[in-house]
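I opened my notebook to look up a few spots in this structure. My notes follow in the order I made them.

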Amino acid sequence: MHYLGVSAPENVRFLTNVRGGTDSSRVATGPDIRRQRNRARVLAGLRAAGAASRAELARHTGLSRTTVASIVADLEREGMLVEGEDGTGASPQGGRPPRLLRFSRSAGAVIGIDFGKRHLRVAAADLSHAIIAEAERPMRTDEPAESGLETAVELVDEVIDEAGFSRAEVIGVGLGLPGPIDMRSGRVGSSSILPGWVGVRAAEALASRLNLPVQVDNDANLGALAELNWGAAAGYRNAAYLKVSTGIGAGLIVDGRLYHGAGGMAGEIGHTIIQEQGPFCRCGKRGCLETLAGAAALVELLRGTHGAELTTQQLLHAAADGDSGARRVLADAGRYIGTAVATLCDLLNPELIVVGGELSAAGDVLLDPLREQVHRHAIPATARGLEIVPGVLGPRAELLGALALVLESTPTAR
């Protein structure tokens, strides 16, 4: 068992920010309704934090300490919460370490699912952000949605069983897919990396098989959500997460929240046109960023000199070993990405760009040219102070984001 990201109190983020209800001072609908709404705020705050003291819950929900203490007492009597000392030692002010509240195992579980071009990852976590079980299986690129969903169901049952839960104890499932998701219809867009999923209502299809509530989002959005909660973007209000892999996508954080746009298509930076007469893209255009800087494009450039069986991981290892050809194509990719990111910076003015995905393992070979290009092409005022850093959650970022998607938005009570 391990906890998601950093669990020290100073790094706790309350994602929902009293999303569970309105301020009790403005509610005139009776004490019972007020108490239920205040209870929802405490539950939402604790679900987002994973673990918190009574004082932290009062501070971040805006409720009085007396109100929080009363609600917590009720939840403890119901068996939903447990209390224990913070494992980091004494408080910064000295004295005994704070007593932190967490959900008990009986409060339920959440499931995260991450579909990639060649993998399927599934994890089960409790409501205190502790991952209890994980499973992974390789997938074919041309796998139809039907068989992919069936495999996902098998792995969900596998991790639930390993974690000691039942389906009845699962409060929600988060699903990540490498393609645009139309939030109005729930359908996977035509530019998905997984062609067998185009047009599928993924959340609806999986929910019918699991008989559980399912939420779906683009994988780059979920990577952004994970890095915001437990990774490099923690504490930032305006940031972007770049997933640089076979495809290239951006998850946008605006004013502390994930930004989807009108229909869920925001962040499709991989289809920014860099060369008007460049290679054809799967979206139907030419010269998209993805055709020049995506992992498949880079591997293809080197297969003539490095072998027809070259893989992305072999490319990255060659670059780390000093191979000049591998380092050159990654540096060029960084410059292409930087051109697109410069425009993104001029439009959104983020504080931080977090670079994740498979190619982020190249480190500064990719990032230094990217940074240079951003500072060359972005308006100086938007580039000034901008940080461009690698993600800290690695290949599990999107899976952790799928868990965060459920933890921040699903009602806790079963």
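A disulfide is a pair of cysteine sulfur atoms within 2.5 Å. I am working from a predicted model.

**Entry one: disulfides.** How many disulfides does the structure hold? I found 0. I then checked cysteine 281, which is in no disulfide. The cysteine sulfur nearest to that of cysteine 281 belongs to cysteine 283, and it is 3.7 Å away. I looked up cysteine 283 next. Cysteine 283 is in no disulfide either. Its nearest cysteine sulfur is that of cysteine 288, 3.6 Å away.

Is cysteine 281 buried or exposed? I noted a relative accessibility of 10% for cysteine 281, so it counts as buried. Buried means under 20%. Cysteine 283 has a relative accessible area of 31%, so I wrote it down as partly exposed.

Where is serine 360 found? I located it in the loop between β12 (352-356) and α11 (364-377). Its relative accessibility is 19%, so serine 360 counts as buried. The cut-off is under 20%. Which residues does serine 360 contact, leaving aside neighbours within four places in sequence? I listed Val244, Val355 and Leu366.

I turned to α13, residues 397-407. How many of its 11 residues are buried? I counted 11 of the 11, so the helix is largely enclosed by the rest of the structure. Among the buried residues of α13 are Ala397, Glu398, Gly401 and Leu407.

Key:
Residues numbered from 1 in each chain as written. Predicted model: local features only at pLDDT ≥ 70, side-chain atom pairs only at ≥ 80, totals over all residues. Heavy atoms only, no water. Helix = DSSP H or I, 4+ residues; strand = E, 2+ residues; numbered from the N terminus. Buried < 20%, exposed > 50% of the residue type's maximum accessible area, 1.4 Å probe, protein only. Contact = heavy atoms within 4.5 Å.
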